[in-house]
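Subject: Structure for your review

Dear colleague,

Please find the structure below, followed by a summary of what was found in it.

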Amino acid sequence: MQLSMAVHKSFESFSLSTDFTVSGDRVGIFGSSGSGKSTLVSMLAGLVEPDSGEITLDGDCLFSSEKGINRRPEQRRIAIVFQQHCLFPHLSVKNNLLYGFKRCPEQYRSIDVDALVAVLKLEGLLGRGVTNLSGGEKQRVALGRAILANPRLLLMDEPLSALDDALRFQIIPYLKSVSEQFGIPYLFISHSLVEMRLMTDTVLAFAKGALVEQTTSEQLARNRMDTSPVGYINLLKLGAPSPADGLCSYPWGAAHLLISACSERTCSMAELSSKDIILFKQHPEAISARNLLQCRVRSLFNSGRKIGIELECAGNTLIAEVVQDAVNELGIVPGNTIYAAIKASAFRLLPG
Amino acid sequence: MLHLSPTDYDAIRLSLQVAFAATLLSLPFGFATAYLITFVTFRGKMLVEVLVNLPLTLPPVVVGYFLLLLLGKHGLLGSLLNDAGIRLIFTLKAAVIASAVVGFPLLVRSLRIGMEGIDPQLINASRTLGAPWYDALGTVILPLSLPGFIAGSSLMFARSLGEFGATIIVAGNIPGVTQTIPLAIYEYASSPSSETMALSLCLVAVVISMVVLFLHELMAKKMARRG
Amino acid sequence: MRCLLSICLLVLVWTTFVYADDVNLSVAASLKEAINELSDKFTKTHPGVKFLKNYGASGALAKQVENGAPSDIFISANVEWVDYLKSRKLVDIASIGTLTYNALVFAGTSDKASSMRDLIKLEKIAIGSPKSVPAGEYATEAFKRAGLDKQLAKKLVMAKDVRECLMYAEKGEVDGAFVYKTDALQAKQAKILFVVPQELYPRVTYPMVLTSTGVKNRDAVAFFAYLHSAEATSVLARYGFATR
């Protein structure tokens, strides 16, 4: 997928002006509320007309103020998964799903309805009305509906923001697998750096109506480490836990981590903030933290006023953040051995 | 207990005929108008809104008089219709038109409220899923406006049952032909010795109105439970 | 404060008594122009007398009087409504007299009918509502006696008084209207198409009477007497009313 947008739009209190070209099948749009990302999405879908500019998708011009082109939403084949799901309350789940499918010209219908229903686990819900579904069920139906319209681009406008944590991480696998399996490129809009890293490769970061960064999702998270209140979130893949003295021991790569929360699953993911890693130049004698890892410094990077340190620990990567003075004091340079201490309570096990 | 003369039964039949016809006639126009006002921006929209609401604030006799000027033998439209052999004044058709005009603002108002309650994102969703504006109108807006339809139709129906001022001017008081319940009661009211008959007819009018309003409430509750 | 209020109240009440010169007339619609002229003439010779005139269908007027509307003199277009008020003891029986007479005609703007028989060919005919308008009662009586009432049933447009009938006829919205000869003479566009044969309906009589309040009103009594005078009779004759 290749998308070019060079548009300008003014409202009473806000104006959006941007010019970018991005290619890839998993693109993210990052920004907080008021950054203009929703307006961008609306303009791309044809729901809002830019004041001026040009929008081109895969070589097809969707909008051009100069040439007087403005393709109607129903002609653009860009489907949206909304934040508030927006399912049709007067239609059943099945009819919601098929709404876009029925309106898609025959030659574009490449998605198998039954396969999609199976992937999204919606078989049991088909005959039901949509108003009494749970939040997660509704979002899956919304996703299914958008995909079944066989769009050439899927816009996901903060699809996880209205869900609680447990649901959020339940839905992410669906989002990814469905679009990979059916080959539909997507534009994922969110204000969460973690979601960006899980869902996208390239990210366009917006603030106050203008594009401020275009980079990979990993790089964005690192760049935002200083300004983010939670720092850089390390995502750790853990194996099945075994109990250990009131805590649980999880296999993590070649090492084990002691974590205060115990999961029942054979594999889970945990979040660890870069702010919660304390570094020691030498092996400390005894510390209260239950986790002490021997790591090798791989590289350093700047992030605002902080320094991010990429560590290699037992075959895994960890990012810690420290101030410049600490780097000097500990004499941290790539290649050094360093010890990372983490409290058992610092980890946050991700539900689902 | 109930004294009703044959002309009274005629009046009841005519009132119901006029109310049904006026409501059915107005529904498509009312829907189109409400849709335009709610979803389309165009220049002069405020003027349209004012004109639609005008019959609500004008005395019905004024509405009737304007209709007479418009549709009478020498009127703007009336002369054309007359040449085509169509007579409207002093026929039941005129009573239907009078009720339709007077009740139209009520219908549009209810429909508007219903339509404004529709989440605009739903319409956006249908557009992005491949539905042109008329498809979105028929498959999303129309079904979701149903509560507005029901509320508007019942209000319109009830208003038509009670319509007097405009009706007596354009349809005249013709027993068996255009004399609806309000006209019949008016005639009784000017005559000193028909108290019981007037009261009987009044009672029938009240009962009909109550039935309509009950049905309206029932439908509204059903809608609320579904939505 | 309260003192001021009671003074105001007293003045108000006193002033209404001062205007007891007012004469309230309840008169059948067909007499409007004639009575207007007669009351004007009377005012010239009796300055300070103020007339409050209420014209309408005799039945409607009778009902108003019964319900307490102020009325000193009641002039009806048939005997029925005077009898009605008489039975309810609202009039001074001694003063009952006849003002004048009239004839019923069929008037219209087009030449479609020239006799009672022709009426069945017409589409719409205006008459005063027989429930309260004497002209309408006379007309329906004529239909019955001519054997035409069933055939004319759905053609009849009910008007609230003769003037409204005439208006329908003048506008051409009906093919013709049953009005009094005196009304037809006043019409601008409508003309008398035929006179209803007298044998088909009782003579149009205008009884007049002083009401129970009117008999105590000096000016009302004086005007009532004036209506019996030769001058009044000649004015009425000029408008087309019959004297006997």
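Domain bounds, as used here, come from an automatic or database domain assignment. This is a predicted model, in which local features need pLDDT of at least 70 and side-chain atom pairs count only at pLDDT 80 or more, while totals for chains, interfaces and linings use all residues. Residues are numbered from 1 along each chain as its sequence is written, and chains are lettered from A and ligands numbered from 1 in the order in which they are written.

Chain C

Domain 1 of chain C covers 2-101 + 206-238, and domain 2 covers 104-195. Taken over C-alpha atoms, the centres of these two domains are 29 Å apart. Contact between them (C-beta atoms, placed from the backbone, within 7 Å) involves 11 residues of domain 1 and 15 residues of domain 2. On the domain 1 side, helix 3 (residues 58-66) gives the most, with three residues. Helices (H or I, at least four residues) and strands (E, at least two) are DSSP runs, numbered from the N terminus. That side of domain 1 divides into four nonpolar, six polar and one charged residue. In this classification, Ala, Val, Leu, Ile, Met, Phe, Trp, Tyr, Cys and Pro count as nonpolar, Asp, Glu, Lys and Arg as charged, and the others, Gly among them, as polar.

Chain B has 11 helices and zero strands. Its C-alpha atoms fill a box of roughly 70 × 45 × 30 Å along the principal axes. Of the 227 residues in chain B, 46% are buried (20 or more other C-beta atoms within 10 Å of the residue's own, with C-beta atoms placed from the backbone).

Chain B places 15 residues in contact with 18 residues of chain A. On the chain B side, helix 6 (120-128) and helix 7 (133-144) are the elements that give two or more residues; helix 6 of chain B gives the most, with six. The chain B side comprises eight nonpolar, five polar and two charged residues.

The sheet in chain A

In chain A, five strands form an open antiparallel sheet in the order 17-21-18-19-20, where two strands pair if DSSP finds at least two bridges between them. Strand 17 (278-280) and strand 20 (316-323) of chain A are the edges, each pairing on one side only. Strand 18 (residues 291-303) and strand 19 (residues 306-313) of chain A run antiparallel and are joined by eight bridges. A:Ser299 stands opposite A:Glu310, which lies in strand 19 of chain A.

With kind regards

How values were computed:
A residue is buried if 20 or more other C-beta atoms lie within 10 Å of its own, exposed if 12 or fewer, and partly exposed in between; C-beta atoms are placed from the backbone. Two residues are in contact if their C-beta atoms, placed from the backbone, lie within 7 Å.
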